[in-house]
Amino acid sequence: MAEYVVAGATGHVGSVVAQTLLDSGRKVRVIVRDTHKAERWKKRGAHVGQVDLSNVHDLLNGLRGTEAAFLLLPPFPPNTSGVRGKAKKMIDAMVHAIAGTDVKHVVFLS
């Protein structure tokens with residue numbers, strides 16, 4: 001059975017995606033910045049990977065061996081400077097990582 005990667009599973013949208021996939025019997029890998037925040041997903045049967053979304057190497061490891069991915073840009077705190085540059089770095093890393101894997105389907109929410 002194919003495994004699905006979900007970014008943002010500790011937030012509002014990603015958590016719904018991850019739970020919906022698990023409820024339908026899919027194998028799910030949640031990728032998070034802080035694995036302590038993902039304990040509830042481990043208890044629900046998901047695999048957990050720690051990934052920095054701006055790091056191509058991390059993303060490659062997080063995506064490797066999966067069929068589909070739900071990726072998103074995390075929200076930036078209100079007073080964050082350089083948001084465009086930080087967002088571009090994440091998007092570029094995601095594009096390069098996806099190109100280096102066999103992931104067949106990607107949903108990207110920005």
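Reader: Which residues of helix 4 are buried?
Author: The model is a predicted one, in which local features need pLDDT of at least 70 and side-chain atom pairs count only at pLDDT 80 or more, while totals for chains, interfaces and linings use all residues. Residues are numbered from 1 along each chain as its sequence is written, and side-chain values use heavy atoms, with hydrogens and water left out. Helices (DSSP runs of H or I, at least four residues) and strands (runs of E, at least two) are numbered from the N terminus, and buried means under 20% relative accessible area with a 1.4 Å probe and protein chains only, exposed over 50%, and partly exposed in between. On these terms, the buried residues of helix 4 are Ala-87, Met-90, Ala-93, Met-94 and Ala-97.

Reader: Within what arc do the buried residues of helix 4 fall, seen down its axis?
Author: The arc is taken over the directions from the helix axis to the C-beta atoms. An α-helix has 3.6 residues a turn, so residues three or four places apart point the same way. The buried residues of helix 4 line one face of the helix, because seen down the axis they fall within an arc of 125°.

Reader: What do the buried residues of helix 4 pack against?
Author: The face turned away from the buried side carries the exposed residues Arg-84, Lys-89, Val-95, His-96 and Ala-99. Contact here means heavy atoms within 4.5 Å, and the buried residues of helix 4 pack against helix 3 (56–63), strand 4 (68–72) and strand 5 (105–109).

Reader: Which residues does Ala-97 contact, leaving aside its neighbours within four places in sequence?
Author: Ala-97 is found in helix 4, and it counts as buried because its relative accessibility is 0%. Beyond those sequence neighbours, Ala-97 is in contact with Val-56, Leu-59, Leu-60 and Leu-63.

Reader: Which elements are included in what covers the buried residues of helix 1?
Author: In helix 1, the buried residues are Gly-14, Ser-15, Ala-18, Leu-21 and Leu-22. They fall within an arc of 135° seen down the axis, so they line one face of the helix, whereas the face turned away from that side carries the exposed residues His-12, Val-16 and Asp-23. What covers the buried residues of helix 1 includes strand 1 (3–7), strand 2, helix 2 (39–43) and strand 4.

Reader: Which residues does Ser-15 touch, not counting residues up to four places away in sequence?
Author: Ser-15 has its place in helix 1, and it is buried because its relative accessible area is 15%. With those sequence neighbours set aside, Ser-15 touches Gly-8, Ala-9, Arg-40 and Trp-41.

Reader: How far apart in space are Thr-66 and Gly-14, C-alpha to C-alpha?
Author: Thr-66 lies in the loop between helix 3 and strand 4, and it is buried, with a relative accessible area of 6%. Thr-66 and Gly-14 are 52 residues apart in sequence, and their C-alpha atoms are separated in space by 17 Å.
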